[in-house]
Amino acid sequence: MLIFVKMDDRTLRALEFTKILERISKYASSSLGKSAILKLTPNLDFNQINISLNEIEQAFIVSEKCSKGISFSYDDITDIFNKAKVFSTLNNNELLKVSKFIKIAITVKEDINSVKSNDIFLLKDYVKEIILPIELSKYIDENIISETEISDNASSVLKNIRKKIKTISEQIKRKLDSYVNSRESAKFLQDSIVTIRNDRYVIPVKAEYKNSINGLIHDQSSSGQTLFIEPFTIVEMNNELKSVILLENQEIEKILRDLTTKVSAIVDNLNYATKSLTSLDAIFAKSYYAYSTDSVKPTMNSKGLIEVELGRHPLIEKDSVVPTTINIGKTFRVLLITGPNTGGKTVVLKLVGIMELMALSGLFVPAKKAELSTFDNIFCDIGDEQSIEQSLSTFSGHIKNIKYITDNMSSNSLILLDELGAGTDPTEGAGLAVSILDYILKNGARAILTTHFNELKEYAFVTDNVENASMDFNPKNYQPTYKIIIGTPGQSNAIEIASKIGLNSSIVKKAKLHINKESNPNIEMINALENSLRNARNNEDTVNRLLLDIDEKNKILEKEIEKVKIKRQKLEQKGDEEANKIIREALVEANQLIENIKLLTNSPTDSDLFKAREIKRNIQNLERSVVSKFDCEYPELEKQELYIGCDVKIIPLNVTGKVYSINENKNAIEVLTGNIKSIFKKDQLIPIYIPPKSEKVKRENISSVFNTNTFSSELKIIGLTVQEAIPEIEKFLNSAYNTSVNHVKIIHGIGTGRLREGVRMHLKNHVLVKYFQDGDYLDGGKGVTLITLNK
């Protein structure tokens with residue numbers, strides 16, 4: 001089993017792995033879930049990586065395919081659990097948070113278990129051991145009304161105490177009302193009210209009359225004009241009230257201690273549930289991020305093989321990034337990327353590195369397809385990390401990093417080096433770069449490097465397990481296309497770029513002369529080879545496009561030929577059979593008619609018998625001309641079911657019509673021919689195909705002509721009743737069918753659910769509807785019904 005050592009912090013920093021985690025963490029609902037994501041590191045073994053990837057895949061099933069939105073909006077209350085564990089009394093607010101968490105945990109468990117799929121077994125394992133008493137949550141909610149109030153019904157003792165408090169309070173108020181309403185005392189009072197100070201009832205007395213009211217002064221107003229006095233006549237009553245209030249507080253404390261004891265008994269279960277919900281919140285956040293970035297599940301291997309098809313750097317907006325296809329490890333172990341500055345070399349380097357870090361952390365990667373490998377470590381030297389404090393130059397800083405890499409790498413390491421050998425004398429730098437590359441190759445590691453040195457291009461041409469690659473550019477304007485071409489070295493195009501930017505032409509001209517003097521035959525050969533490879537690749541791309549186009553056209557042609565053969569065979573085989581069947585039935589009816597005439601008339605006249613025989617002769621003549629009569633000008637559709645709006649041939653009448661309604665129970669099909677509606681049995685109708693441009697039959701709906709250009713695949717019926725909505729839905733479905741739309745959406749909202757249920761009852765057995773389902777969590781969930789139509 002391959003186990004990771006701790007990933008080097010410089011690698012995580014250089015590849016900006018933390019920024020990826022920060023983006024993913026925004027999709028988590030809980031603070032614990034966010035924290036779990038931010039702590040992710042690529043230090044997992046092969047099996048654990050695949051488990052993490054499978055968990056995300058299963059979260060897709062729950063949140064996307066099954067349209068099941070799950071809430072993880074709970075507070076971090078581990079401190080409350082720890083407090084309860086040592087029997088430290090929890091207050092109202094803390095107990096309410098415990099109750100909320102219990103309800104969320106139970107709901108998450110129920111939601112995940114409600115998904116009837118064996119493909120989410122990993123997620124079900126997280127909730128399997130969540131065992132919490134919903135009764136405790138209900139008990140807390142019933143007895144604790146708010147953060148400051150406990151219900152009278154929390155205990156019978158508390159209820160009696162509060163009754164007594166109420167009684168004493170009313171007695172005191174009545175006593176004080178006598179002061180307030182007394183004419184003699186009214187002139188002494190600032191206001192005719194009874195109020196409370198220090199938990200004792202008092203009356204507001206003007207300061208100048210303080211000696212007129214015998215009592216205890218408890219407080220005064222800020223202006224000093226009012227004194228709050230407790231008359232001596234109610235002192236004993238207030239004392240009694242105070243003692244009863246103390247009893248109330250004692251009973252409340254007892255109730256809180258009892259609730260704390262109940263919480264303490266399940267602390268281990270609460271902690272387990274917290275860990276499970278935190279893991280699930282993180283998993284679903286990863287899946288939401290993967291969905292938003294069009295990421296895919298990478299295939300993992302332990303062979304050092306990396307293959308990325310149309311990969312996108314996750315920190316670049318997907319609308320502006322140019323997808324990259326790159327591979328390493330199959331036919332070569334080292335990839336050398338050359339090309340002009342700002343051409344995208346460093347982005348490709350970082351792309352491979354960040355995708356490896358994401359995959360090794362159990363995350364999906366933004367690509368069309370990806371196979372990535374486990375490595376014991378990833379080393380990189382990207383950018384200028386020189387330190388002024390350490391007195392290191394750019395070159396010295398790079399060499400220090402490379403020393404660390406070469407001292408610690410193994411044959412199972414991935415090495416990413418940007419501008420190898422840069423920052424010093426080009427000749428010495430190139431020699432050092434070749435030597436470093438040779439050392440990496442001999443140690444068996446995988447490596448991707450970027451450079452401008454021609455010596456490295458030559459090295460790649462003549463060395464096994466090393467491959468050249470280049471960043472493509474437009475040869476007309478020397479603008480980068482940001483596409484990598486493996487197998488072809490790149491040119492820096494420094495002089496051409498300088499010329500395009502507008503550098504003085506004399507400088508450019510002299511630079512070209514200088515290069516011609518210093519030119520190396522090997523470099524000229526490489527450049528010629530590069531141009532030849534570029535032309536060959538362009539020609540290959542053109543040929544491939546043409547071959548694909550021809551192949552597609554051939555497939556379409558073969559399908560059309562096959563359709564014609566099948567229709568032809570069907571017409572030949574069934575034409576006479578259907579016609580003869582009708583004639584035989586008609587002959588039976590004619591014979592029956594003759595017999596009926598005989599029965600109805602005891603002595604039939606010659607005229608009656610003549611008419612009956614005439615009917616029979618006409619039907620016999622019809623049988624002889626059946627082939628020409630029933631040779632339909634439109635082809636019949638093989639095994640096509642009848643549906644509202646389809647074109648049919650009416651066998652008894654040998655005319656075409658359009659199905660208006662279907663009653664399966666009574667085997668009755670209502671068909672519109674012109675402006676006339678008639679009812680036929682199912683076996684009297686054959687579905688046919690009428691070309692859209694036919695002059696004989698207009699392609700129109702029962703109620704209106706459809707315009708494909710103006711048809712919308714969404715129907716909003718919010719605010720309508722079920723009775724009002726059904727006709728609109730019928731028009732909408734008919735329009736969808738006639739415009740060849742396969743998938744449509746009805747937006748009905750959630751509300752009371754009546755409209756949603758009415759719509760679904762109507763769709764349940766609808767002939768045009770194949771199946772329907774809730775919208776996904778981004779489309780509107782249960783407020784939307786997605787419909788797939790029969791075709």
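Analyst: A residue is called buried when its relative accessible area is under 20%, exposed when that area is over 50%, and partly exposed in between. Please keep in mind that this is a predicted model.

User: What makes glutamate 317 count as exposed?

Analyst: The limit for exposed is over 50%, and glutamate 317 has a relative accessibility of 55%, so this residue counts as exposed. Glutamate 317 lies in the loop that runs between β6 (306-311) and β7 (324-328). Between the C-alpha atoms of glutamate 317 and threonine 293 there are 9.2 Å, with 24 residues separating the two along the chain.

User: How do you know that threonine 260 is buried, and what does it touch?

Analyst: Buried means under 20%, and the relative accessibility of threonine 260 is 2%, so threonine 260 counts as buried. Threonine 260 sits in helix α11, residues 235-264. Leaving aside residues up to four places away in sequence, threonine 260 touches Ala84, Phe87, Ser88, Thr89, Leu90 and Leu95.

User: Where do α6 and α11 make their contact, and what kinds of residue take part?

Analyst: The axes of α6 and α11 come within 11 Å and cross at roughly 35°, and the crossing in which α6 passes α11 is left-handed. On the α6 side the contact is made by Asn92, Leu95 and Val98, and on the α11 side by Leu256, Leu259, Thr260 and Val263. Sorted by class, the contact of α6 with α11 has five nonpolar, two polar and no charged residues.

User: Why are α6 and α12 called oblique to each other?

Analyst: Helix α6 (residues 92-114) and helix α12 (residues 267-292) have axes that come within 11 Å and cross at roughly 55°. Angles under 35 degrees count as roughly parallel, over 145 as roughly antiparallel, and 65 to 115 as roughly perpendicular, while the rest are oblique; α6 and α12 are therefore oblique to each other. The crossing of α6 past α12 is left-handed. In this contact Val98, Phe101, Ile102, Ile104, Ala105, Val108 and Ile112 of α6 meet Leu270, Ala273, Thr274, Leu277 and Leu280 of α12. By class, the contact of α6 with α12 has 11 nonpolar residues, one polar residue and no charged residues.

User: Which residues join α15 to α16, and which classes do they belong to?

Analyst: The axes of helix α15 (residues 426-442) and helix α16 (residues 454-462) come within 9 Å and cross at roughly 35°, in a right-handed crossing. Ala430, Ala433, Val434, Leu437, Asp438 and Leu441 of α15 meet Glu455, Leu456 and Tyr459 of α16. The contact of α15 with α16 has seven nonpolar, no polar and two charged residues.

User: What are the phi values of glutamate 16 and leucine 310?

Analyst: Glutamate 16 is not a glycine, yet it has a positive phi of about 60°, and leucine 310, also a residue other than glycine, has a positive phi near 55°. Glutamate 16 is placed in the loop between α1 (9-14) and α2 (17-25), whereas leucine 310 is placed in strand β6.

User: How many helices, strands and residues does the chain have, and what part of the residues is buried?

Analyst: The chain has 23 helices and 23 strands, and buried residues make up 42% of its 791 residues. The chain exposes about 43,500 Å², of which carbon and sulfur atoms supply 50%. Among the contacts with a separation of 6 or more, 68% are between residues 24 or more positions apart.

Note on methods: Residues are numbered from 1 along each chain as its sequence is written. This is a predicted model: local features need pLDDT of at least 70, side-chain atom pairs count only at pLDDT 80 or more; totals for chains, interfaces and linings use all residues. Side-chain values use heavy atoms; hydrogens and water are left out. Helices (H or I, at least four residues) and strands (E, at least two) are DSSP runs, numbered from the N terminus. Buried means under 20% relative accessible area, exposed over 50%, partly exposed in between (1.4 Å probe, protein chains only). Axes are lines fitted to C-alpha atoms, for helices over the stretch in contact, and angles run from 0 to 180 degrees between N-to-C directions. A crossing is left-handed if the near helix is turned anticlockwise from the far one by less than a right angle, and right-handed if clockwise. Contact means heavy atoms within 4.5 Å. Ala, Val, Leu, Ile, Met, Phe, Trp, Tyr, Cys and Pro count as nonpolar, Asp, Glu, Lys and Arg as charged, and the others, Gly among them, as polar. Accessible areas come from the Shrake-Rupley method with a 1.4 Å probe; for residues, only the protein chains shown count as cover.
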